[in-house]
Amino acid sequence: MKNFMSTGIVKGILYQIVGSFIGAGLLGGIRALMGLSWKTEPAIVLGGLVGAIAFMVGVGAFKDWWKMAVGDDVTEASEVAGEQGFRRYFGFSLDHKVIGIQYGILSMVLLVLGGSLALIFRVELAQSGLQLLNFVQFNTLVGLHGMVLIASILMGIAAMSNYVVPLLIGAEDMAFPRLNAFSFWIAVPASIILMSSLFFGGFETGWTAYPPLSVRGPMGIQMFFLGVFFVGWSSILGALNLIVTILTMRTKGMGLFKMPIFAWSVLATSIISLTATQLIGLSFQLVMFERLLEMSFFTPSGGGNPILFQHLFWFYSHPAVYIFVLPGLGIISELLPVFVRKPLFGYKWVAMSSMGIALTGFLVWGHHMFTAGIEEYLRVPFMYSTLLVAVPTGVKFFSWVATIWQGKARFPVPMLFVLGGIIVFLLGGLTGPPGGTVSTDLHLHDTYYIVGHFHNTMFGGFIFPIFAAIYYWYPKITGRRMSETLGKVHFYLMTPSFFLMTFGQMRIGLLGMRRRIADYDPAMGFDFTQLLITIGGYLIAISILVFFYNLIVSAKKGEPATGNVWNSRSPEWDILPSPAPAHNYAGIHFNVVGEPYDYGLKGSKYVELAQNVGQRKENDE
Amino acid sequence: MKHFSIVSILVILLTVIVYVFLQAVGLLPTQASSQAVIIDQLFDIHIGIISFLFSLIVVFIGYSFIVFRRNKLLPDEEGQHITGSSKLEIVWTLVPLAVVIFISYLGAISLAETRKIDPQALEVKVTGGQWFWSFDYPDYGITSDVLNLPVDRQVKLSLTSVDVIHSFWVPEFRVKQDVLPGENLVKELRFTPIETGDFMVLCAELCGGAHAYMNSPVKVVTEGEFQDWVDEELGNFPQDPESLGERLAKNNGCFGCHSLDGKDGVGPTWRGLYGSEKTLVSGEKIMVDDEYLYEAIVNPNSQIVLGFPANVMAQNYGDLFTDEEIKNMIAFIKSLD
């Protein structure tokens, strides 16, 4: 029991609970001293804020920094032994691989939570009429489904980046291990606060939280804002860490254009996260102030402008789409050559296309506002810039096709998910342009067509690739392989179910089904398609249960993984044993002696142990 | 080269199949405005491009997997060592760039076409609120909860909201415009109905609560029928307080929240309300009389009935209605026993 209570996460949550009460009590106390009555809304906001900080204290995130501040000695991160065994994943650790797994666990927990919310409101939508939920419940579920899964995706890409990037570039750890741990742990209280909005009356606004609607209505919106605010910290600090790691900690001889391609996509993503996330935090913070302090930034009756919020919000939330998908597309580019046994076609172009998408991604936010009432001189330029994104994205697709062309493909489970990702993301990409040209978007905006479109981009750009990544690197993490059979069940159940769901969504959207409505007119004839969408959603959920079963059981009973499981040229497979040792390559020196993806070139290697290089020289002499 | 010829033929074949299929399933609702015709032409171009690009990628991948599959006798067979081609990369950067600029150009033309202004347009002022639509015809002095429009005449809507953001959308007309609160944020939307019939205006921007039900009928009729409707509205309707009150309530969307059938909605039902006893959120018990109703209309947050949310009803009815009008409305509520 004592052991359990001293686990980082348990301690953190206890501190958070106590901190929340202290924060709320503090506000109540100050108001009482001023002779004012109790007010719940500001109390829960201050409670949430203090609670999150208390969590970080409880988990131990400030301990070393405090020591540094008062001048005490602190152990170097590379010399901290850290806990061993399963317990280490639930406490404060500085090891990037442990943090990567922690991110992964949090991502999967949020995936289950966010997905379950959708399963509930999909029952409501399976037939017309209101059966299960009332309006506020429905709106809360829809909004939380969106934001919880956004958090899940952010955690998922952080999981992949944290675990894989240092291994790929030959680094011992991330550049700032303590900041890395902080970035992860702040996301835990953030997720708790985000979910707690359910218990404070929910919120009516959807994940976009447009004022003036978000200025009125239930106060659950404050917990939503606060949760997103802290998730944003996690994103910004994590991105900073990754950029520094990639730019400064590559092994000897690994120029930028010799990095594994995944590192490029993480670099591009991190640049967006580091510079855009502030805007969603800021826009939400302004609405919080509007509610708490009666400032009037966005309410016209007080001199504000609701369109200003939309600009601030989408300035992050559009580039955010590329934050979500670029790492996934990087996974596709990274794994494809391994499984078709051919070099990645046009490495430099693929690398630069990630940067191109990141840059153009900043210029297109206005296409979310074509019907919002922005001026004509804004709508037309935003249409041009929006469609420009197709160019670097096209480069990626054409390069993948050229990589596959004449390749000798193998189809183990990770490859299946890579291919699923390509096809689903293709559909997501192709259904985009009709929403990108203004006049067609006047019809499509805020319909189920858009819902279908972005579920394609999210599944193709994140869900399929992260499953590919998990099946691919699982042996590196656990030393055992996941079951191929169950993996195939997962894939062949999820993919057609997804198509059923998304084609249904786009079909009725084009015919007039609006987004975010709890009920629809039976006269429109959508009942049957809605039922199919719900069935598709549940089948996806079942396939993911199969995945979790596989994930958990294989850790103990999976076939042991020995050597280079996928016959990859990448250093983590070519050099390191499975599971990967603590501190990665500590004591092992390797040099980059070739190109990362020269499959099919006899006798070539990407990396070689330093002593081998020495030996070969001797042999040559 | 042989492979590329076969693949090209397959790509063309699949493109045609996908395009014909997508056209055949009927993707869009009927075209009931001249803007819909223009917009659907652009949709057509998009569907063509989607069919082609989908076929291009899928056929290349599928063909390669089948034709170049691994020899079963050589399980370790590797692919050819081809690392890239700058020529190809430049081609598939520049060609899409040109296509994209061209599509944007077509998009701009299409937008301009949909926004052509007819100076003779019928003017309608549209007001959206939680959760109703109200339509004012300033030329005739009519207010209605149904959007009546003559066919083949452009209509110019001036849209405004009394509370949060709503969005005006009739799927058959294709066009959509958000409706914003604020006097300086009145937005304009023009379209020309080309087909008579009954349609629905749907609120397309999440506006909380009963957003799903924020729909109002749109009737497109012939010029003659429209004139008849105008005459009827302007002519003989009863002038007693109850009827005037009912008209006022209907045209201001009160029935979106307050039903007349005895079932509580977002707000209390009006049937049997007058004279009943209600418990307020403060715990106080009150009798619904003229005085209470007046206060509840002008200052709705002051006396919320237990079980109903505050901050839902607009706070500005005191400014919007004259005292005479409020008295009429109370008379109407009184008549509902």
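## Chain A: fold and packing

Contact here means heavy atoms within 4.5 Å. On that basis, 80% of the contacts in chain A between residues at least 6 apart in sequence join residues at least 24 apart. The model is predicted, and the values in this report are to be read accordingly.

The secondary structure of chain A consists of 21 helices and two strands. Its radius of gyration is 25 Å, close to the 25 Å given by the globule rule for 621 residues, so chain A is as compact as a globular protein of that length. Along the principal axes, the C-alpha trace of chain A spans about 85 × 60 × 50 Å. Of the 621 residues in chain A, 64% are buried.

Thr269(A) is placed in helix α9 of chain A, which covers residues 261–293. Its relative accessibility is 4%, and it therefore counts as buried. Leaving aside residues up to four places away in sequence, Thr269(A) touches Ile157(A), Tyr322(A), Ile323(A), Leu326(A) and Pro327(A).

## Chain B: fold and packing

Chain B contains eight helices and twelve strands. Its radius of gyration is 29 Å, whereas a compact globule of 337 residues would have one near 20 Å. The C-alpha atoms of chain B fill a box of roughly 90 × 50 × 35 Å along the principal axes.

Of the 337 residues in chain B, 48% count as buried. Among contacts in chain B between residues at least 6 apart in sequence, 65% join residues at least 24 apart.

## The interface of chains A and B

The size of an interface is often given as the accessible area lost when the parts come together. Between chain A and chain B the buried area is about 7600 Å², with carbon and sulfur atoms giving 67% of it. In chain A, Phe398(A), Trp405(A) and Arg514(A) lose the most area to chain B, together 10% of what that side buries. Chain A contributes 87 residues to the contact, and chain B contributes 87 residues.

Across the interface, 27 residue pairs are in polar contact, both residues being at pLDDT 80 or more. Helix α13 of chain A (residues 390–404) supplies the largest share of the side of chain A that touches chain B, namely nine residues. By class, that side of chain A has 51 nonpolar, 20 polar and 16 charged residues.

## Salt bridges

Over all chains the structure holds 14 salt bridges, and the count between chain A and chain B is two. One of these pairs Glu78(B) with Arg341(A), the closest N and O atoms being 2.9 Å apart. This pair crosses between chains, from the loop between α2 (34–67) and α3 (86–114) of chain B, which holds Glu78(B), to the loop between α10 (306–340) and α11 (347–361) of chain A, which holds Arg341(A). Glu78(B) is partly exposed at 30% relative accessibility, while Arg341(A) is buried, with a relative accessible area of 4%.

Lys408(A) lies in the loop between α13 and α14 (413–430) of chain A and Glu77(B) in the loop between α2 and α3 of chain B, so this pair also joins two chains. Lys408(A) and Glu77(B) form a salt bridge whose closest N and O atoms are 3.8 Å apart. Lys408(A) is buried, with a relative accessible area of 13%, and Glu77(B) is partly exposed at 21% relative accessibility.

Within chain B, the side chains of Glu188(B) and Arg190(B) meet in a salt bridge with an N to O distance of 2.8 Å. Glu188(B) is partly exposed, with a relative accessible area of 38%, and Arg190(B) is buried, with 14%.

Key
Residues are numbered from 1 along each chain as its sequence is written. Chains are lettered from A and ligands numbered from 1 in the order in which they are written. This is a predicted model: local features need pLDDT of at least 70, side-chain atom pairs count only at pLDDT 80 or more; totals for chains, interfaces and linings use all residues. Side-chain values use heavy atoms; hydrogens and water are left out. Buried area is the accessible area (1.4 Å probe) that two parts lose on being put together, summed over both. A salt bridge is a side-chain nitrogen of Lys or Arg within 4 Å of a carboxyl oxygen of Asp or Glu. A polar contact is a pair of N or O atoms within 3.5 Å; within protein, one must be able to donate a hydrogen and the other to accept it, and residues adjacent in sequence count only if both atoms are side-chain atoms. Helices (H or I, at least four residues) and strands (E, at least two) are DSSP runs, numbered from the N terminus. Ala, Val, Leu, Ile, Met, Phe, Trp, Tyr, Cys and Pro count as nonpolar, Asp, Glu, Lys and Arg as charged, and the others, Gly among them, as polar. The radius of gyration is taken over C-alpha atoms; the globule rule is 2.2 Å times the number of residues to the power 0.38. Buried means under 20% relative accessible area, exposed over 50%, partly exposed in between (1.4 Å probe, protein chains only).
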